[in-house]
Amino acid sequence: MKRSTRGKLSINGREALTGYLFIAPWLIGLGIFVAYPLLFTIYMSFNDVRITNLGLQMNWVGFENMTHAFLKDNQFPIILVEEIVRMLIAIPLIILFALFVSVLLHVRFPGRSVFRAFFFLPVIFSTGTVLNQLFFQGAGGLTILEQYNIAGFILTNFPKALADPLIQVLDMLVIILWYSGVQVLMFLIGFQTIGSQVYEAARIDGSTAWMTLWKITLPGLAPFILLNTIFTIVDMSTFPFSGVMAYIVGSMNTAGFGYISAIALIYFILIFVLILLVLAVFRRASRNRRRG
């Protein structure tokens, strides 16, 4: 018995070692390119960082950079609020559009694979340079906004804090929807997890397409909706036209690395809190669905 136990432990140990060796490159990359820059950014946010001939000179200032961002900087709080509101408007649009397209592409029809590739191609080509060229050439928005003066209607009937981000989202609606390729692909994968026999049973029971969508499709896609929402939050937070990102890059040479690090840390914390709220909402909805 002792020999078999020792042999079993040695086998488990070898399997664990093999697993660690496989993920070692990822762990090394995570530590070098994610963990270390994040920790160093947090450290710099509590310092006044100066670039000298001897390198970086840091003087500890505590929370002075963060208080300066909210109490003395008259641009950052406004840009931050507008960016959060813009994300709250754009993210549901992307998720709903991706879900709608994935439902259409899930139906069997000739040339379905070609259409799936078309919707994923923008993800490949949507680099910062390509998006900038499209936006500056006026290809990012909708022409009906100018034809029917929708921007004027929004400014007249909505508060300015909501109207400005909404108009910015509409001006870049085409480019924003370009970011739905990955979400469409994830939803298509989610459809594969729902067995066809479930739909056949619902059809035999006389369930309508609308009932099937609400009772079978959406509950089955709930984990993928959560995954897509988190992915879209992270993706939109680094959007090439993000006001916060543009402010950080533009202030890099004038505000100092310590203050810029504090702004970036504040932005990171808000995005992280938003993700936690999304997780809490989906967890509560899942519990209510199980009870019901």
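Ser45 belongs to helix H1, which spans residues 2-45. In this predicted model, Ser45 has a relative accessibility of 0%, and because the limit for a buried residue is under 20%, Ser45 counts as buried. Once the neighbours within four places in sequence are set aside, the contacts of Ser45 are Gly62, Asn65, Met66, Gly258, Ser261, Ala262 and Leu265. Among these partners, Gly258, Ser261, Ala262 and Leu265 fall in the range of helix H15, residues 257-291.

**Overall composition**

The chain contains 15 helices and 2 strands. Of its 292 residues, 32% are buried. Among contacts with a separation of 6 or more, 71% are between residues 24 or more positions apart.

**The strand pair**

Strand S1 covers residues 47-52 and strand S2 covers residues 55-60; the two run antiparallel and are joined by 6 bridges. Together S1 and S2 form a hairpin, with 2 residues between the strands. Within this pairing, Asp48 stands opposite Asn59 of S2, and Val49 stands opposite Met58 of S2.

**Helix packing**

Two packed helices are described by the angle between their axes and the distance between the axes. The table gives these values for two pairs.

| Helix pair | Residues | Angle between axes | Distance between axes |
|---|---|---|---|
| H10 and H12 | 181-192 and 209-237 | about 155° | 9 Å |
| H13 and H15 | 243-250 and 257-291 | about 165° | 10 Å |

Helices H10 and H12 pack at an angle of about 155°. Angles over 145 degrees count as roughly antiparallel, and therefore H10 is roughly antiparallel to H12. The crossing of H10 past H12 is right-handed. On the H10 side, the contact is made by Val182, Gln183, Met186, Phe187, Ile189, Gly190 and Phe191. On the H12 side, the contact is made by Thr217, Leu221, Phe224, Ile225, Leu227, Asn228, Phe231 and Thr232. By residue class, the contact of H10 with H12 comprises 10 nonpolar and 5 polar residues, with no charged residue.

Helices H13 and H15 pack at an angle of about 165°. By the same cut-off of 145 degrees, H13 is therefore roughly antiparallel to H15. The crossing in this pair is left-handed. From H13, the residues Val244, Met245, Tyr247 and Ile248 meet Ile260, Ile263, Ala264 and Tyr267 of H15. The contact of H13 with H15 consists of 8 nonpolar residues, with no polar and no charged residue.

**Val184 in helix H10**

Which residues does Val184 touch, not counting those up to four places away in sequence? The partners of Val184 are Ala98, Val101, Ser102 and Leu105. Val184 is located in helix H10, the helix that packs with H12. The relative accessibility of Val184 is 3%, so this residue counts as buried. Val184 and Ile95 are 89 residues apart in sequence, and their C-alpha atoms are 8.6 Å apart in space.

How values were computed
Residues are numbered from 1 along each chain as its sequence is written. This is a predicted model: local features need pLDDT of at least 70, side-chain atom pairs count only at pLDDT 80 or more; totals for chains, interfaces and linings use all residues. Side-chain values use heavy atoms; hydrogens and water are left out. Axes are lines fitted to C-alpha atoms, for helices over the stretch in contact, and angles run from 0 to 180 degrees between N-to-C directions. Helices (H or I, at least four residues) and strands (E, at least two) are DSSP runs, numbered from the N terminus. Angles under 35 degrees count as roughly parallel, over 145 as roughly antiparallel, 65 to 115 as roughly perpendicular and the rest as oblique. A crossing is left-handed if the near helix is turned anticlockwise from the far one by less than a right angle, and right-handed if clockwise. Contact means heavy atoms within 4.5 Å. Ala, Val, Leu, Ile, Met, Phe, Trp, Tyr, Cys and Pro count as nonpolar, Asp, Glu, Lys and Arg as charged, and the others, Gly among them, as polar. Buried means under 20% relative accessible area, exposed over 50%, partly exposed in between (1.4 Å probe, protein chains only). Two strands pair if DSSP finds at least two bridges between them.
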